Amino acid sequence: MLARVAPTLPAAGVASLRNARVVGPHGWIVADGDTFLPDHCWYGEERDDCPIYRRDNLRAMTRLSGVTLTLCTDWPANYAHMLFDGLSRTYLFEQAGYSWDDISHILVPDLASDGRRTAAELCGFPMDRIVTPGSFSVVECEQLIAPTFPGIHRNIAPWVAQFWRSRTPSRASGNRRLFISRRGSTRNVSNEDAIESVLSSCGFETIVSSEQTVRQHYPEAEIIVGAHGAALTDVVFGSPGAVLIELTPPGHIFPYFYTAADSAGMKYFSILGSYPPGGGGTPMTADFAIDPELLRRTIGAAESELQKD
């Protein structure tokens with residue numbers, strides 16, 4: 001995982017563009033002269049991999065007058081990408097000296113769920129100015145305010161956690177121990193019963209992320225255990241000095257939550273899972289097992305880290 005942590009992150013900024021187009025819900029930006037701006041999307045330097053090059057038609061379908069801010073991002077259906085990569089760009093918008101009074105429209109991913117809507121509320125959006133691009137939309141903007149992608153894909157910039165923490169009241173850290181279960185979702189822990197037995201004996205309570213929002217629980221926890229996935233996104237709201245133990249699928253080893261936890265001042269452990277003999281199928285969706293004894297030892301190591309403080 002550490003090999004995938006970027007040693008440095010590119011400078012971030014905000015572009016002001018006339019008559020630029022925003023393509024689809026992923027928010028790919030095309031400026032005058034059909035110039036694609038990769039610095040504003042997930043692909044960055046890997047621009048040739050961006051699916052925009054497979055689009056047959058980039059002609060504008062809608063035109064927005066006035067000034068439009070885009071906070072769209074790739075993989076917008078995923079809460080982690082929306083929070084880390086999209087809505088966090090509000091910070092760059094504000095640092096550039098803009099305010100909501102300057103903006104006529106805000107392009108954002110779909111805000112249908114409570115977690116998404118409340119995240120937008122933390123940003124202070126004027127909700128009546130929100131426009132959600134459709135799957136095949138191409139929106140031309142009279143003037144477009146476009147913050148760059150926050151860092152490099154799969155690496156969370158330190159200011160992202162700082163921004164989100166600044167939007168929530170400071171709270172005293174708690175001593176709860178939380179297991180964030182992906183039960184009912186893909187890429188789950190296949191031996192969750194055995195894992196829960198270990199966790200229960202160590203004082204953990206289980207929260208099923210598909211049944212409730214989890215953001216409000218993170219600041220109250222001293223140790224959080226959870227499988228890699230969007231439910232760990234709210235680790236940026238965790239308490240400095242707390243510990244995240246990520247249960248990592250062997251075919252999906254990326255530093256999203258390592259860098260997010262580090263940015264939030266938390267300590268981090270990863271336990272690498274295993275697939276059944278013969279493979280686990282597609283890494284994006286395959287369930288994986290965690291060694292219960294290794295989990296118990298890791299919890300012990302986490303407890304030792306907490307005692308150092």
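Colleague: How many bridges join β10 to strand β11, and in which sense do they run, parallel or antiparallel?

Modeller: General idea first: strands of a sheet pair through backbone hydrogen bonds, either parallel or antiparallel. Two strands count as paired if DSSP finds at least two bridges between them. Here four bridges join β10 to β11 (residues 205–208), and the two run parallel. Phe179 has Thr206 as its bridge partner in β11, and Ser181 stands opposite Val208.

Colleague: And what should I know about the model and the labels?

Modeller: It's a predicted model, where local features need pLDDT of at least 70, side-chain atom pairs count only at pLDDT 80 or more, and totals for chains, interfaces and linings use all residues. Residues are numbered from 1 along each chain as its sequence is written, and side-chain values use heavy atoms, with hydrogens and water left out. Helices (H or I, at least four residues) and strands (E, at least two) are DSSP runs, numbered from the N terminus.

Colleague: Which strand order does the open sheet have?

Modeller: Its five strands go β11-β10-β12-β13-β14, with parallel pairing. β11 and β14 (267–272) each have a single partner strand, so one side of each lacks a neighbour in the sheet. From one strand to the next, the twist averages 20 degrees (axes are lines fitted to C-alpha atoms, for helices over the stretch in contact; angles run from 0 to 180 degrees between N-to-C directions).

Colleague: Is β10 mostly covered or uncovered?

Modeller: Mostly covered: five of the six residues in β10 (176–181) are buried, meaning under 20% relative accessible area, with exposed over 50% and partly exposed in between (1.4 Å probe, protein chains only).
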